[in-house]
Amino acid sequence: MALLITDECINCDVCEPECPNQAISLGPEIYVIDPNRCTECVGHFDEPQCVQVCPVACIPKDPAHPDDPPTLWARFQRLQSATGSAVPLPADSAAG
Ligand code: SF4
Ligand code: SF4
């Protein structure tokens, strides 16, 4: 599934930079998750990073987007090909 931010969100801005897919942005009132970019962190991490950092636990699974694991993997691969890169390399990998 993609995940969903509920109206319990306090706009703390902690989750947005943690998302490896740039799926989180500030909406009209609270932060929102783009279901076309959320992979539940599949391909990047073992656990959803936004859920890990949210101080008010307001990021449940989105019942409107009940994606199975193959769908999440396909989304991850589509996003990677769209950016023209694989999983980001460590910052120092280009040196020497
Ligand atoms: S579960 Fe992962 S990919 Fe989905 S919004 Fe949260 S941080 Fe981004
Ligand atoms: S971490 Fe939780 S409370 Fe903070 S902006 Fe994200 S969803 Fe909202």
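## Exercises on a predicted two-ligand model

From the N terminus on, the protein's elements follow the order β-β-α-α. The model is predicted.

**Exercise 1.** Determine how many helices and strands the protein has, and what share of its residues counts as buried.

*Solution.* Start with the elements. There are two helices and two strands. Next, take burial. The protein has 96 residues, and 22% of them count as buried. Finally, look at contacts with a separation of 6 or more. Residues 24 or more positions apart account for 70% of these.

**Exercise 2.** Compare the shells around ligand 1 and ligand 2 by residue class.

*Solution.* Take ligand 1. Its shell holds 14 residues. Cys19, Cys38, Cys41, Pro48 and Cys50 are the closest. By class, nine are nonpolar, three polar and two charged. Now take ligand 2. Around this ligand there are 14 residues, with Cys9, Cys12, Val14, Cys15 and Cys54 coming nearest. Here the classes are 12 nonpolar, one polar and one charged.

**Exercise 3.** Cysteine 41 and alanine 57 each have a positive phi. Is each one buried or exposed?

*Solution.* Recall the background. Most residues other than glycine have a negative phi. Cysteine 41 has a phi of about 70 degrees. Its place is the loop between strand S2 (31-33) and helix H1 (49-53). Cysteine 41 counts as buried, because 22 C-beta neighbours lie inside 10 Å. For alanine 57, phi is about 50 degrees. Alanine 57 belongs to the loop between H1 and helix H2 (69-83). It has 9 C-beta neighbours inside 10 Å and therefore counts as exposed.

**Exercise 4.** Find which residues have the most contacts inside the largest nonpolar core, then trace the contacts of isoleucine 24.

*Solution.* The largest nonpolar core has 13 residues. Leu3, Cys15, Ile24, Ile33 and Cys50 have the most contacts inside it. Now follow isoleucine 24. Setting aside residues up to four places away in sequence, isoleucine 24 touches Cys15, Glu16, Cys19, Tyr31, Ile33 and Cys50. As a general pattern, nonpolar side chains in soluble globular proteins tend to be buried together.

Note on methods
Residues numbered from 1 in each chain as written. Chains lettered and ligands numbered in written order. Predicted model: local features only at pLDDT ≥ 70, side-chain atom pairs only at ≥ 80, totals over all residues. Near = placed C-beta within 6 Å. Nonpolar A, V, L, I, M, F, W, Y, C, P; charged D, E, K, R; others polar. Core = buried A, V, L, I, M, F, W, Y, C linked by C-beta atoms within 7 Å. Buried ≥ 20, exposed ≤ 12 C-beta atoms within 10 Å, placed from the backbone. Contact = placed C-beta atoms within 7 Å. Helix = DSSP H or I, 4+ residues; strand = E, 2+ residues; numbered from the N terminus.
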